[in-house]
Amino acid sequence: MAQLRTASGFWDELIDGTGDPRPAAAALVEQLKELGLSELQQRQDLAELDIVGMGITFTVYSDGRGIDRSWPFDIVPRIIAAAEWRRVELGLVQRLRALNCFIDDLYHDQQIVADGVFPDHLLEHSVNYRPQCVGVSPRHGVWAHVCGSDLVRDADGTMYVLEDNLRVPSGVSYMLENRAISKRAFADLFARQSILPVDAYTDELKRMLTSIAPEGVTDPTVVVLTPGVYNSAYFEHSFLAQRMGAALVEGADLVVDDDDVVYMRTIDGRERVDVIYRRVDDLFLDPEAFRPDSALGVPGLMRAWRAGTVAIANAPGAGVADDKVVYAWVPDFIRYYLGEEPLLPNVPTYRCLYPDERRQVIDHIGDMVLKPANESGGYGLIIGNRATKEELERAVADIEADPRNWVAQPILSLSTAPTLCDGQLEPRHVDLRPFILSGASHYVTAGGLTRVALRRGSLIVNSSQGGGSKDTWIVEA
Amino acid sequence: MLLSRVADHLYWGARYMERADDTARVVRTFTEVLLDLPTGVASSWEPLLAVAGSRLAFEAGHARANESDIVRFLVADQANLGSVVSSVALARENLRTTREILPREAWQAVNDLYLFTARDAESGVDRRTRSRFLTRVISDHQRVDGVLSGGMRRDEAYEMWRLGQSIERADMTTRVLGVRAAALLSAPEETDDYDEVQWMGVLRSLSALQMYQRATRGPIDGGGVVSFLLFDEYFPRSVAGCVRRIREALRRLPSTSRTEPSVEQLADALARLRTDASDGASLDAAMDELQVCLGELDLTVHATFVSGAE
């Protein structure tokens with residue numbers, strides 16, 4: 001292993017443009033060279049055995065049956081210099097402060113709409129706006145208590161926020177497990193250099209959940225609400241409950257009585273619940289308020305929440321800010337609510353609603369990703385450099401006909417990191433999902449979950465579609 | 001605080017783990033004893049099915065009853081819900097939802113065992129590897145037990161585990177006594193030569209041989225073995241030892257007044273046996289009665305802690 005390969009035209013997280021390790025990655029790269037590929041592969045194999053033995057799994061569906069798969073892990077960590085990370089942290093906290101102001105405003109006076117900063121028609125189209133939440137005031141004005149924001153790095157090294165997951169973001173348990181495994185694999189490096197620990201997360205989560213308990217409750221009973229063992233993130237729900245010493249409950253374990261208080265069914269009768277960290281989507285929370293056919297939910301839960309007898313994290317309705325169109329306005333939220341300039345950039349997003357931005361999109365359509373506002377799950381997405389001439393012409397016509405329905409972003413060149421593939425170290429595309437906690441105060445994970453697209457050239461980092469993960473080291477260089 | 005649903009999973013997780021272990025012990029011992037006996041002496045594998053309570057289920061799917069068919073059915077058959085591999089899989093399925101309750105190493109041990117049994121089930125059938133396979137099942141269950149006894153608070157979750165384990169264990173002891181011991185007591189005279197070997201087998205299948213010898217210091221005879229396995233309170237696999245642990249667990253769990261009558265009914269039935277466990281038929285009937293009591297206890301546990309804890 002003379003030199004680590006990089007892919008031209010992309011930023012590599014460990015190696016700079018001249019082929020030398022970046023300062024924060026120097027010790028790791030040296031170690032990789034000392035080890036050689038076969039020893040590295042052995043450590044990878046051991047790590048995979050640990051993962052099976054520790055039962056670190058995620059669930060995929062096949063033939064209508066949930067199957068546990070071992071968590072895919074690449075042994076080569078992704079490294080970020082601590083100085084850079086501190087700036088990212090500040091940017092993420094700023095972003096969450098603004099997002100929470102926005103959500104709180106939407107469910108109260110909608111001042112931002114009245115002031116013409118956010119167009120009201122977007123609200124009407126929003127699938128995640130919940131009229132059932134109007135007028136509720138969660139403690140500290142916080143609705144999005146746990147956020148997983150996806151960060152990507154472009155070819156010039158700029159770190160962008162790609163999206164904010166404000167509903168039930170997952171992945172944090174894997175961040176913690178990845179660290180446990182990589183500490184075994186690279187024990188000597190952890191001993192020799194300063195790599196920020198990640199373990200505080202579950203304590204911080206518990207502290208945040210305690211801080212949002214109903215007024216007057218000093219030692220709240222906190223539970224984690226899971227859709228059940230067949231949910232793809234069940235491992236994580238169980239993991240977090242275990243680390244927090246909280247009960248892991250399913251909808252059927254909870255009951256709301258006529259007093260609008262939430263209780264759980266225990267072997268000794270009913271016991272009051274004060275804070276629910278829910279990992280169930282809004283629409284399945286409460287069949288009285290949302291989908292009447294939902295078997296996952298707790299009838300009356302929204303009643304209890306509105307009455308203030310129980311706190312729910314994330315608050316119902318918080319997902320209104322988790323939307324690819326709303327995303328485009330986040331920099332404006334930061335300026336409007338906080339009077340600050342964004343510290344962490346959005347991927348430049350053109351809103352076709354505005355004539356000058358629309359012009360930009362149409363003039364550079366071959367370099368754009370076009371996203372229709374009212375479609376979800378990537379449906380209707382058009383990637384400029386992969387679409388045919390006819391498709392692009394049709395897209396232009398669609399945009400001209402209904403400009404409000406479209407946003408567009410330049411096509412990014414996702415950064416890479418060396419990854420062990422078939423016994424070789426190959427550059428593979430990565431993103432990063434840090435987690436931000438908001439309650440009485442804020443907390444950002446030291447790094448986050450790095451996801452890696454294991455197939456050459458692929459940009460798909462999702463674990464159910466051939467994506468893997470890496471430990472993320474924030475290193476004092 | 002223990003959720004009713006979780007209590008149910010702990011209880012059944014413990015029962016299935018114990019069942020896998022017990023079945024493994026019985027099959028392992030049976031294999032060893034049969035190898036010791038000369039051909040022609042009571043070398044039928046069918047009593048194994050009776051001990052496991054699976055005779056009807058087996059006969060429904062099999063025309064003949066040879067060694068490998070029976071052992072495969074009891075150890076490796078996924079379609080038989082009472083087999084070792086099924087019991088381990090069911091234990092894991094239950095304990096999967098209690099991972100935030102049990103010490104982490106306990107789950108890992110269960111998961112390890114599940115992966116092993118799912119992969120290597122066939123090695124539990126082959127005579128050359130059978131003992132190694134079954135020993136692994138037993139020792140992994142011991143590992144789980146060790147993690148719990150050494151690392152778990154004596155809270156409600158622990159007591160639910162102990163309750164499930166003790167009820168299952170009592171059930172197996174009564175079945176071994178009801179089938180194997182009763183058969184030996186009723187056996188014709190000519191097999192007497194191998195009586196001691198057979199009774200040693202009964203003790204071994206409950207891992208009781210060494211403890212019996214220490215406790216009695218006498219020869220191995222039928223009356224002594226039956227009495228030890230029923231009444232020796234200090235031996236954890238005796239029925240009396242199990243009753244004691246069941247009673248302790250229920251006293252530390254809520255609603256003792258609701259559960260107490262069922263355990264006292266079981267204790268009374270056991271106490272009445274002191275005088276009439278002398279011949280095979282009455283022993284068999286007495287064990288049936290204890291099993292009925294255990295079944296009622298199981299229903300009471302469910303009604304008290306799971307379905308009716310409002």
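**View 1. Strands β11 and β12 of chain A pair in the parallel sense.** Strand β11 (residues 275-278) of chain A and β12(A) are joined over three bridges, where strands count as paired if DSSP finds at least two bridges between them. Within this pair, A:Val275 stands opposite A:Ala311 of β12(A). Helices (H or I, at least four residues) and strands (E, at least two) are DSSP runs, numbered from the N terminus. The model is predicted: local features need pLDDT of at least 70, side-chain atom pairs count only at pLDDT 80 or more, and totals for chains, interfaces and linings use all residues. Residues are numbered from 1 along each chain as its sequence is written, while chains are lettered from A and ligands numbered from 1 in the order in which they are written.

**View 2. Four strands of chain A form an open sheet.** The strand order is β7-β6-β11-β12, with parallel pairing. β7 (247-249) and β12 (311-313) of chain A are the edge strands, and each pairs on one side only. On average, neighbouring strands of this sheet are turned by 25 degrees against each other, direction ignored.

**View 3. Helix α7 of chain A lies across β6, β11 and β12 of chain A.** The helix comprises residues 201-211 and runs at about 110 degrees to β6(A), which spans residues 222-225. Axes are lines fitted to C-alpha atoms, for helices over the stretch in contact, and angles run from 0 to 180 degrees between N-to-C directions.

**View 4. Helices α12 and α13 of chain B pack at an angle of about 170 degrees.** The axes of α12 (residues 239-252) and α13 (residues 256-272) of chain B are 10 Å apart. The angle makes α12(B) roughly antiparallel to α13(B), a term for angles over 145 degrees. Among the contact residues are B:Val243, B:Ile246 and B:Leu250 of α12(B) and B:Val263, B:Leu266 and B:Leu270 of α13(B); residues are in contact if their C-beta atoms, placed from the backbone, lie within 7 Å. By class, this contact has nine nonpolar, two polar and three charged residues.

**View 5. Chain B is divided into domain 1 (1-152) and domain 2 (154-310).** These bounds come from an automatic or database domain assignment. The C-alpha centres of the two domains of chain B lie 19 Å apart, and 28 residues of domain 1 are in contact with 30 residues of domain 2. On the domain 1 side, α1(B) gives the most, with 17 residues. This side has 18 nonpolar, three polar and seven charged residues. Here Ala, Val, Leu, Ile, Met, Phe, Trp, Tyr, Cys and Pro count as nonpolar, Asp, Glu, Lys and Arg as charged, and the others, Gly among them, as polar.

Notes: Contact = placed C-beta atoms within 7 Å. Parallel < 35°, antiparallel > 145°, perpendicular 65-115°, else oblique.
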